[in-house]
Amino acid sequence: MPVKLAYYCSGHGYGHATRVSAFASALLSLDDKPEVYIISSTPMRMFSECLNLGAQYRHAEIDPIISQPLAYAVDRRLSFDILRAFLEKKDTKLAEEVEWLRYKEIDCVLSDAAFLACEAATNAHLPSLLITNFTFDSVYSYLGAELCSDPSELDAGVPQVSSGADLHSGHGIEPLVSQLFSGYRNADVLLLLPGFIPIPSFFCRPSLPAEGWINSSSNRFQSNVEHLLQQYPMLEIYPSLTSPITTSGSSLNVHHKKLLREVKMAPLLVRPLSPDVTRLSRRIALLTTIGIPEEVCNDADTRILVVSFGGQTIGRPRGRHGSCAKPPCAAPLNNTNNIQHHAANYRILRRETRESCHANTEQNVGQQHESVPSLKTANTCVPEVNVPAYNLSSSGNLISSPVPSACHSLAEENFAMDDENIAPNSSFEIFPKLVDDCDRSPLPSPSWIAIVCGVPANWSVSETEDGLPSRFYIAPQDVYMPDLTAVADVVLGKLGYGTVSECIAYATPLVYVPRPLFVEEHGLRRFLEAKGVGVELSQQDFESGRWAERVKEAFRKGKDSRYEMRSDLQQEIRELADWVMQWVRNWRGQLAGH
């Protein structure tokens with residue numbers, strides 16, 4: 001029998017989804033490939049690569065979400081309210097996951113970085129591997145730090161919290177964070193990704209609270225914390241939690257897990273590039289698909305700035321003030337014949353998929369789901385395909401899912417996550433401030449263009465053409481970001497794992513807007529400074545459109561190493577997948593030996 005893996009993916013940020021999809025794809029590319037189930041609240045389309053290889057998707061709310069009114073700001077009070085509400089339902093959710101793991105006869109749980117998954121694994125007498133560069137106990141601990149309110153909270157209209165003390169006194173942070181810490185303590189293996197920060201549930205030092213890790217003056221890790229990080233993974237770690245492990249049909253009850261707890265350094269988990277995407281002909285094909293005129297694509301002097309905030313939606317422009325001329329070649333998503341053609345194909349394919357599924361309900365039981373078109377083609381819309389899924393009652397019984405369904409089978413609930421059924425990401429507006437100033441362009445020179453990712457699907461042609469600054473273009477929602485990152489000269493975004501890892505892997509300089517309340521950022525910035533090119537752009541300069549000097553600086557610093565891409569990464573990821581499979585087999589062998 002093949003090994004069965006349940007891979008839990010945090011719903012906070014698309015960086016988790018991109019690396020889960022990358023590693024699941026590596027697992028499914030092995031000769032002795034496992035069965036892989038993806039469990040997440042992230043939209044199914046983000047996992048299209050691994051779904052094409054045979055992974056199955058189940059939608060579930062498996063972790064709380066941090067409230068972000070802006071891509072670089074946090075509503076701390078609301079975030080803790082969301083966390084508290086989630087933890088009040090934790091026991092019910094835990095029971096549902098344990099029941100599902102047993103029902104599917106899962107062999108091992110992988111988690112990025114959902115604490116609930118590790119705890120559910122222990123309760124189901126299963127091993128679990130934590131695959132991440134940070135954990136959310138540290139994130140929430142740092143959100144309660146003794147910091148002055150982040151200036152971006154004022155701009156975002158966030159209810160003010162004068163300091164971490166206010167949160168501590170009114171919301172009882174420590175007991176909440178403690179529950180997350182306890183959940184992570186159940187994990188048996190930590191696969192530690194680059195860009196890491198302290199992992200307090202594994203390493204004995206440094207411990208929580210996370211606010212003690214950062215020097216507020218330098219905005220860097222304290223010297224003693226930096227010294228400890230340099231010794232990872234050789235530092236002392238906490239032992240395994242005791243847990244009963246039983247074999248099927250046996251009354252054996254062993255109160256110790258069979259393999260010692262361990263930490264292993266992991267490579268960057270990034271999605272692969274499309275073949276030859278950096279060749280001039282493929283670069284031109286990608287850019288023309290986005291809607292950029294051929295004369296611009298063919299110009300050897302054209303420089304590309306990609307603006308992307310990792311799944312955050314950029315608000316629509318509100319129109320141009322003054323007498324600035326309309327940008328000469330703005331290309332909104334729904335104003336390109338090529339993209340209109342593929343959007344029409346998408347609607348046809350989606351309808352045919354659902355009609356076929358309804359017509360063949362009973363025959364579909366137990367069969368593989370249909371192939372998901374890959375996001376690698378920049379102008380191809382991705383239908384949300386029907387993948388087997390379960391929903392459980394609080395008692396653990398299988399029930400019909402309340403999620404709108406595309407098709408139903410007798411044994412299982414199949415559903416597709418439509419865009420309208422997914423809670424929208426927070427959006428932030430940059431264009432109103434950019435288009436107000438006719439004389440200053442955000443771009444360094446007329447040879448530069450900007451490709452903006454994350455625009456709403458309902459932007460109209462007139463709104464986009466009237467509101468975009470000159471030489472700005474809109475990327476399709478399903479653009480394959482590794483390819484776009486690789487052909488860009490500079491990326492402008494936030495310090496998130498997906499953006500940082502792909503910029504480093506594909507040797508693209510990053511101009512980043514800081515997020516002071518995200519402790520994960522300190523690990524990613526540390527990694528970027530060591531392995532890539534990063535230039536900080538203040539929130540004020542970003543919002544007012546003063547980008548040009550920082551973009552030029554990043555381009556200049558990254559120019560010499562621009563084509564030093566990591567060609568060995570995919571092999572390293574496959575080797576890690578092999579290691580995981582061998583670890584799971586060893587666990588099963590130890591269990592069978594008793």
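**View 1. Glu-105 sits in the loop between α4 (90-103) and β4 (108-112) of this predicted model.** The backbone of Glu-105 has a phi near 55°, which is a positive value in a residue other than glycine. Because exposed is taken as over 50% relative accessible area, Glu-105, with a relative accessible area of 52%, counts as exposed.

**View 2. Asp-276 lies in the loop between β9 (262-265) and α11 (280-290).** Here too the residue is not glycine and phi is positive, with a value near 60° for Asp-276. The relative accessibility of Asp-276 is 44%, and the residue is therefore classed as partly exposed, a term that covers values between the buried limit of under 20% and the exposed limit of over 50%.

**View 3. Cis peptide bonds occur at Pro-206 and at Pro-209.** Arg-205 is joined to Pro-206 by a cis peptide bond whose omega is about -10°, and Pro-206 is found in the loop between β6 (189-192) and β7 (214-215). The bond that runs from Leu-208 to Pro-209 is likewise cis, with omega near 5°, and Pro-209 also has its place in the loop between β6 and β7.

**View 4. Helix α1 covers residues 14-28.**

Definitions and conventions:
Residues are numbered from 1 along each chain as its sequence is written. This is a predicted model: local features need pLDDT of at least 70, side-chain atom pairs count only at pLDDT 80 or more; totals for chains, interfaces and linings use all residues. Side-chain values use heavy atoms; hydrogens and water are left out. Helices (H or I, at least four residues) and strands (E, at least two) are DSSP runs, numbered from the N terminus. The expected span of a helix is 1.5 Å times one less than its number of residues. Buried means under 20% relative accessible area, exposed over 50%, partly exposed in between (1.4 Å probe, protein chains only).
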